[in-house]
Amino acid sequence: MVPYRLQLDLQLFAGEKTEPATPKKRQDARKKGQVAKSSDLPAAFILFFSFLLFFMFGGFMKERTVGLFRHVLENQLTMDVTVGNVRTLFADLVMQGLALLAPMFILTVVIAILANYLQIGLMFTGDPLMMKFSKINPIEGFKRMFSMRTLIDFLKSTLKLLVIGYVVYSTLWGAKTKMLVLGHTPLEHSFSYIASVTLTLGIKIGLILVVIAIFDYIYQKYEFEKSIKMSKQDIKDEYKKSEGDPLIKGKIRERQRRMAMQRMMQEIPKADVVITNPTHYAVAIRYDASRMQAPTVLGKGTDFIALKIKETAKQHGVMIMENKPLARALYAQVEIGESIPAELFQAVAEVLAYVYKVKGRSS
């Protein structure tokens, strides 16, 4: 009974999502449009910097707007009303209006792009736009309505309303004395004061929303990291899918070794000599002066493979010589198919010279 419970606990622990997401899991989630992002952050930045722009260049924009209306009222009301004149007037008004609002439009676009880029970087994906039946599943929709994320969003909206309401109330309450006497001041002064109070409120509210949005982004990032966590079994499965099953890879490597061994054994009969340790190492050497600049290792091996090399050499009449230091040096320094290094030329040349002498060939 105890081992079964222990096994069950281990299985549950292996399925628990406690491990950080792997780079592949993050990449797959990004392809699906699943990233840590606060939708409130771009809106908060746009609001704050828009009012900041009005605060810095409001005087200039007011003068341009007043000048535009003054020009129309003083010069354009007496013109002849014709199709051409009206078309020219409206075209001129549209161009001046666009020139006046262009900084605001440009600022809004730049801030929106920059705020999103700082959160998620450059990303293009159409996966969120694809039709998914889970999105119209009433059961899934009911779960989303009463999920923890919905509760957090509700609390966040409530916090925004409370904070913004308090800021508006405190600002207007502080300005109540001046606002009560606006009826006795010139209209221009009244508009200027109301505009200044509005700009102050806008900057305060924008700054507060930016702070709340930053905290919201931190929370969204925390939720995202939590949602993409993986279990130990998930990591193992991902490794198997990306790298292949270790058992299958082992079989493939074993088959490749056998094929390489067969190719090597087929080359042993072409060797001039097999240098041995005598029992632990065996290295097959061949030298063809017309094709090779230096002697080449056709095959090498230790223990069982060395024994097979010597057996194959005996079967095909290849001379076998014992030279322990040379056999070890060749096995350690030269790979199959490579020429021997310069420091071993003298020793190998002596061996080949002896072989040629025994076989009655000239060196």
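The lining of the largest cavity splits into 2 nonpolar, 2 polar and 1 charged residue. (Ala, Val, Leu, Ile, Met, Phe, Trp, Tyr, Cys and Pro count as nonpolar, Asp, Glu, Lys and Arg as charged, and the others, Gly among them, as polar.) Before the views, a quick note: this is a predicted model, where local features need pLDDT of at least 70 and side-chain atom pairs count only at pLDDT 80 or more, while totals for chains, interfaces and linings use all residues. Residues are numbered from 1 along each chain as its sequence is written, and side-chain values use heavy atoms, with hydrogens and water left out.

View 1. (On a 1 Å grid over the protein atoms alone, a cavity is a set of points where a 1.4 Å probe fits but cannot get out; lining residues have an atom within 4 Å of a point. Points are joined across faces, edges and corners, and a volume is the space filled by probe spheres set on them.) Its lining is made of Arg64, Thr65, Leu68, Gln96 and Leu100. Both α3 and α4 give two or more residues to this lining, and α3 gives the most, with 3 residues. (Helices are DSSP runs of H or I with at least four residues, numbered from the N terminus.)

**View 2. Helices α3 and α4 side by side.** The axes of α3 and α4 (residues 83-120) come within 11 Å and cross at roughly 175°. (Axes are lines fitted to C-alpha atoms, for helices over the stretch in contact, and angles run from 0 to 180 degrees between N-to-C directions.) The two helices are therefore roughly antiparallel to each other, the label for angles over 145 degrees. Sort the residues of this contact by class and you get 19 nonpolar, 7 polar and 1 charged.

**View 3. Helix α3 against α8.** Here the axes of α3 (residues 40-76) and α8 (residues 187-227) come within 8 Å, crossing at roughly 155°. So α3 is roughly antiparallel to α8. The crossing is left-handed, meaning that the near helix is turned anticlockwise from the far one by less than a right angle (clockwise would be right-handed). Look for Phe45, Phe48 and Phe51 among the α3 residues in the contact, and for Leu199, Ile203 and Val210 among those from α8. (Contact means heavy atoms within 4.5 Å.) The contact of α3 with α8 has 17 nonpolar, 3 polar and 2 charged residues.

View 4. While α3 and α8 each supply at least two lining residues, the largest share, 7 residues, comes from α8. By class, the lining holds 6 nonpolar, 4 polar and 2 charged residues.

**View 5. Helix α6 packed on α8.** Helix α6 (residues 148-174) meets α8 at an angle of about 160°, with the axes 10 Å apart. That makes α6 roughly antiparallel to α8. This crossing is right-handed. Among the residues in the contact are Ile152, Val163 and Val167 of α6, along with Leu201, Ile208 and Tyr219 of α8. The contact of α6 with α8 counts 13 nonpolar, 2 polar and 6 charged residues.

Notes: Parallel < 35°, antiparallel > 145°, perpendicular 65-115°, else oblique. 1 Å grid on protein atoms, 1.4 Å probe; cavity = no way out; pocket = protein on both sides within 12 Å on 5 of 7 lines; lining within 4 Å.
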